[in-house]
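Here is a briefing on one protein chain. Look over the sequence and the fold, then read the points below.

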Amino acid sequence: MSRPRTFDEDAALEAATIRFWEHGYAATSVRDLGTCMGLGAASLYNAFGDKRALFTRCLDRYLDANMRERIARHEAANPPRRAIEAFLEESAERSLIDRRGCMLVNTALEVAPHDEEVGAVVAERLGELEAFFHRCVERGQQDGTIARRARPRDLARLFLTTVMGLRVLARARPEPALLRGAVRQALTLLDPPAAETAP
């Protein structure tokens with residue numbers, strides 16, 4: 001019979017998430033994780049598996065509280081076009097406030113090119129954001145608020161690229177006018193031409 005865990009799993013995962021977010025995947029050792037989580041190496045492996053498995057859980061924990069929460073909130077509260085606008089606007093504002101950047105974007109830059117398994121995890125999670133934009137574009141085209149000439153998949157990928165760019169750019173140039181201007185320009189691609197909106 002396995003022994004019951006004697007530590008707070010939620011608190012341990014939160015500590016590991018913050019460590020990965022602030023220091024990156026490669027610069028975080030198993031010893032670092034054990035220290036911040038209050039666990040010995042054996043307990044850490046028994047509870048969470050190896051470093052990559054723990055990182056995946058931490059990344060999903062981060063996304064549940066950030067990207068996924070925002071997707072669900074904006075889709076529930078807004079019509080399709082406004083959901084896209086609100087997500088991009090919020091991305092710009094968050095980028096100005098939290099200089100740690102987005103954990104998902106940070107990992108895409110730091111680890112994905114050198115670690116195929118982590119890269120696959122990152123690509124899959126980025127796909128969730130692309131799918132959100134794709135849904136909104138298709139629905140906006142159906143209700144007439146988004147240009148029907150646009151290809152939904154292309155627009156979704158452009159907005160994904162915009163979010164990634166905002167998060168990266170803000171690390172070096174956290175300038176409100178720069179980020180907000182980029183969002184405004186990207187959103188003009190949603191505008192239907194006059195011929196589509198004329199009665």
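Contact here means heavy atoms within 4.5 Å. Helices (H or I, at least four residues) and strands (E, at least two) are DSSP runs, numbered from the N terminus. This is a predicted model: local features need pLDDT of at least 70, side-chain atom pairs count only at pLDDT 80 or more, and totals for chains, interfaces and linings use all residues. Residues are numbered from 1 along each chain as its sequence is written, and side-chain values use heavy atoms, with hydrogens and water left out.

**Helix H5**

- Buried means under 20% relative accessible area, exposed over 50%, and partly exposed in between (1.4 Å probe, protein chains only).
- H5 spans residues 67-77, and its buried residues are Met 67, Arg 70, Ile 71 and His 74.
- Seen down the axis of H5, these buried residues fall within an arc of 100°, so they line one face of the helix. The arc is taken from the directions from the helix axis to the C-beta atoms.
- An α-helix has 3.6 residues a turn, so residues three or four places apart point the same way.
- The buried residues of H5 pack against helices H4 (51-65), H6 (80-97), H7 (103-110) and H8 (116-143).
- Ala 76 and Ala 77 are exposed, on the face of H5 turned away from its buried side.

**Nonpolar core**

- A nonpolar core is a set of buried Ala, Val, Leu, Ile, Met, Phe, Trp, Tyr and Cys residues joined through side-chain atoms within 4.5 Å.
- The largest such core has 56 residues. Met 37, Leu 54, Ile 84, Leu 129, Phe 133 and Phe 159 touch the most other members.
- H8 gives the largest share of this core, 9 residues.
- Met 37 contacts Ala 12, Ala 15, Ala 16, Leu 44, Phe 48 and Leu 54, leaving aside neighbours within four places in sequence.

**Ala 92 in H6**

- Ala 92 sits in helix H6. Ala 92 is buried, at 1% relative accessible area.
- Not counting residues up to four places away in sequence, Ala 92 touches Leu 166, Leu 179 and Val 183.
- The C-alpha atoms of Ala 92 and Arg 180 are separated by 6.3 Å, though the two residues are 88 residues apart along the chain.

**Salt bridges**

- A salt bridge is a side-chain nitrogen of Lys or Arg within 4 Å of a carboxyl oxygen of Asp or Glu. The count by this rule is 28.
- Arg 19 lies in H1 (residues 9-23) and Asp 32 in H2 (residues 30-37), so the pair ties together parts that are 13 residues apart in sequence. Asp 32 is partly exposed, at 24%.
- Asp 115 and Arg 52 form another (2.7 Å, N to O). This pair links distant parts of the chain, 63 residues apart: Asp 115 is in the loop between H7 and H8, Arg 52 in H4. Asp 115 is buried, at 13%, whereas Arg 52 is partly exposed, at 24%.
- Glu 175 and Arg 173 also pair (3.0 Å, N to O). Glu 175 is partly exposed at 35%, and Arg 173 is partly exposed at 40%.
- Shared partners join Asp 60, Asp 64, Arg 68, Glu 124, Arg 125 and Glu 128 into one salt-bridge network.

**Annotated span**

- UniProt, in an unreviewed entry, lists residues 29-48 as "DNA-binding region". UniProt positions are given in the numbering used here, feature names are shortened, and annotations may be inferred rather than shown by experiment.
- The end C-alpha atoms of residues 29-48 lie 14 Å apart, and the span is 80% helix and 0% strand.
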